[in-house]
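Q: Hey, I'm new to this one and would like a quick tour. Can we look at it together?
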Amino acid sequence: MKPAALGPDKSLKGRPKSTPWFKEIWKHRMTYTLLIPGLIWLILFAYLPMGGLSLAFKHYRANDGIWGSPWVGFENFKYVFRDPTFAQAVWRTLYVNIIKLVITFPFPILLALMLNELRMGRTKKWFQTVFTFPQFLSWIIVSGIVINVLSYDGLLNSTLSMIGLPTINFLGSEKMFLPMLILTDIWKSTGWGAIIFLAAISGIDQDQYESAQIDGASRMQQIFKVTLPNILPTVTVMFILNVGGLMSAGFDQIFNLANAATQNVSQVLDVYIYRITFQSSTDFSFSTAVSLFRSLVNMVLLLAADRIAKMMGGDGLFR
Amino acid sequence: MKTKRKMLKPLLAVALSAVMLTVTACSKESASGGNEKDADGNYKDKLKISVAQTTEVKDGVLDNEFHKFWMDKFNIEWDYNYIQWDSWAEKLRLWVNSGDLPDVASWNYVHGDFMNYVDQGLLYKFPDDWKERWPNIAAAYKLTGLGDKLEELTGGTYILPKPVYYQNKPADPLVNQIGVIALRKDWAKAVGFELKDEYTTSELMKYAELIKEKDPGKLGSKLVPISYNADDALTNIIMANSEHSRVESAFYKGEDGKFHWGPADPETLTGLKLMQKAYKEGLLNPEFYTWKNNEGSDNFRVKGVAGITSLGGLASYRQDMDKNMKKNLGVNSDDLVHTAIVVGDDGKYRNLEQPNFWSSLIFSPNISKEKFERIMDLIDYSTSQEGQLLLNMGFEGKDWKYDENKELVSLLPEGTSLEDKYPARFEGLYVLGDDFSTINPAIKKEYRETAIKHFQEKAKLGTEGGKLATYDWDVQLYDSKAKSQASFEYQNEYANLILQSGDLEANWKKWVQSKQSLVQPALDELNSKFGK
């Protein structure tokens, strides 16, 4: 006999009628109102400019504007794929960014965990400020500092010669370029990246820590058994977003740190786009074609990462 | 109620008309006044004209009497836009494409962009009779050669290429001013190096080796024997041995009537080998390729630690060097500096044949007729002899005079330049300062004479057994996507090649091969259009 409390078997009569979405929105109108500025921003600065991507299939004429310029089909892409530098730039971008992602991604998590373990509030804030500060320096300033420290007569080489060691050509070495990118990236971005993970950590229910302590868990065990599992969804989302940006990012850093000696290892896609847009005859359609290709690859990477995360039992971006 | 509505309608119509009239009157395309003159020949109406130049005009500078003279004479109020060198090309490109070009602007002419802009109506088209109305400009314009060629392509005048030389051309044929170096003659004497007017690249390297070995300046590790940046090394080492190694002359028609790509020529490899030798022997700075703008020459004229630097052939450059060395090192440069031209290791002189223009003036397509005419009046005056004297010497009787031999004499106090007295004289919009620098008494006579001597020597050596890269109008005025894609920053490419490990020749061959997918389509196009 079916317990009366369960009521009639709804599955036999179909799913209950869901509340219409507009009623749902009206019900929570105050919350949705808060969404409006963000939506406006997104439409104005993210969706409307997407119309400009049509330039990739046009021969852009400034006087005719984006909409009035004549269509040329895939002609711009023909020129893009003919350029061997383009293919090199694509692979170089993926190579640089994958290595950067693998090495730099754990650092903000580690820093967040370490800062979380600090019990003295003032010390914690002081460290957090120190680590976050470099984020506010532009890459032009950071590269200036780096060049001054690593140049032939810079701080590091002067110290090496003072103690009788041979000087090292840091700036002109292709082998040193990628480590330089990674180190400067870690120095500049770790503190800023840790903020999101700290926020995730602060959202963990304190009862879990109390239970773990009652059960005799050490600090390390609490980190591995309570903190990390709780921030895993945030870690996954951040990782997927980073994968989605593998084909872009890093222009300011690479452009300012590169030189003639390192041009073979610094020609990433953004630098390539800059060069074809501003250093030879203007061709906005060509640059847009390259940018569109980059965005498509980024999207494929993002969706693939999302799918893989779900396949491995984690949360993805899209539910 | 109906009566009220009836009254409201005409009122609204009047108000609307008034608004429309105001908007029209204030719109960019209309002028606030004409070019009528009063009885004294002065313009009646003041016009506000926007101008974009690479001369920095600091606050308050426009108040000095020099600038006031021009503003009063042409009844102009300037809306001045300073453009930094580094962002010049980008800024102009964005302004032109977005329709925000100031009324008149200096633009570093790029042929592909020019044709594109004309095609799209982004540049002002001059009236057909402009050459009769502004004869001084027309005379200078004619000498550029480019103006007429572009008219053939576009069917009108859309640009004023700036003449490098107008009335004071130093030599014929005109050879590019680059390829003149300065070396420390006191050190040369100390190490027993002969002073000459021309050196091969290897001779200069020999000098650098000697000063590195004997260190006559007692500078130790601070000494930079050859202080070239990547650009200078291309000019004074590679181009000296391969006239088609630069971007300006990379695509050229050979004796076989077919087009070739100069960076793949064996002469370029010779230049690269010399450059690598200089680098490996420590004659070039270990980080020369990171130097920007003046860092190479500053080692010579500001720090006094360099043996050789790239100077260029203009007398004004030598004057600047003198001034800098006096100011920073407290020395008289005449005792220390020797200038010379560089020839290839095979003894042949190489350089670029110089078209008589550099950069240009362009006008907004939205400029009013009145503004255009007013600015053309100003340029025409600035191109006249009176205007040139005013721009380059200041006011007659106050800043300069003619002596009994009708020679120009500066009346400025010793050590004062016209730039000190009247900074940022941007009104010289058209004819470049190079022209007057050959006769300008504000520049030491010896410097002017040496500069002219170098120009004449270059012309002589270039035509008598030398190899000047001819300025091929067909190539220069041909624009296509393929040609545009085959444009490279050769100074960086070469620097990268000589820094690579392994065999230079093998690396160079590999590099040449890697560029073929871009170079060959451009060569094919050129051969099909202009080749035999």
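Predicted model: local features only at pLDDT ≥ 70, side-chain atom pairs only at ≥ 80, totals over all residues.

Q: Is Trp107(B) buried or exposed? And what about Tyr117(B), buried or exposed?
A: Trp107(B) is buried, at 4% relative accessible area. Tyr117(B) is buried as well, at 1%.

Q: What kind of pair do Phe126(B) and Phe363(B) make?
A: Edge-to-face, because their planes are at 85 degrees and the cut-off for that label is over 60. The ring centres are 5.4 Å apart. This pair links distant parts of the chain, 237 residues apart: Phe126(B) is in the loop between α4 and α5, while Phe363(B) is in strand β13. Both residues are buried.

Q: Switching topic: where does the charged end of Arg184(B) sit?
A: Over the ring of Trp187(B), 4.3 Å from its centre. Arg184(B) also forms a salt bridge with Asp186(B), at 2.9 Å from N to O. Arg184(B) counts as buried at 8% relative accessibility, whereas Asp186(B) is partly exposed at 26%.

Q: What about chain A, which ring does the charged end of Lys58(A) sit over?
A: That would be the ring of Trp71(A), with 4.4 Å to its centre.

Q: Back to salt bridges. How many are there over all chains?
A: The count comes to 33. Some are linked up: Asp129(B), Arg133(B), Lys369(B) and Glu373(B) belong to a network of salt bridges. Arg133(B) is partly exposed at 35%, and so is Asp129(B) at 32%.

Q: Where do Glu505(B) and Lys509(B) lie?
A: Both are in helix α23 of chain B, 4 residues apart, which is about one turn of the helix. Glu505(B) is partly exposed at 28%, and Lys509(B) is partly exposed at 49%.

Q: How is chain B divided?
A: Into domain 1 (47-168 + 356-444) and domain 2 (180-352 + 467-530). Their centres, taken over C-alpha atoms, are separated by 31 Å. The contact takes 19 residues from domain 1 and 15 residues from domain 2.

Q: How much area do the two domains bury between them?
A: About 1,200 Å², with 58% of it on carbon and sulfur atoms. On the domain 1 side, His111(B), Ile443(B) and Lys444(B) lose the most area, together 36% of what that side buries.

Q: And how many salt bridges are counted between domain 1 and domain 2 of chain B?
A: The count is 1. Lys444(B) also has a salt bridge with Asp334(B), where the closest N and O atoms are 2.7 Å apart.

Conventions:
Residues numbered from 1 in each chain as written. Chains lettered and ligands numbered in written order. Heavy atoms only, no water. Buried < 20%, exposed > 50% of the residue type's maximum accessible area, 1.4 Å probe, protein only. Phe/Tyr/Trp six-rings, centres within 6.5 Å; stacked < 30°, edge-to-face > 60°. Helix = DSSP H or I, 4+ residues; strand = E, 2+ residues; numbered from the N terminus. Lys NZ or Arg CZ within 6 Å of the ring centre and 35° of its normal. Domains from an automatic or database assignment. Contact = heavy atoms within 4.5 Å. Buried area = accessible area lost by both parts, 1.4 Å probe. Salt bridge = Lys/Arg side-chain N within 4 Å of Asp/Glu carboxyl O.
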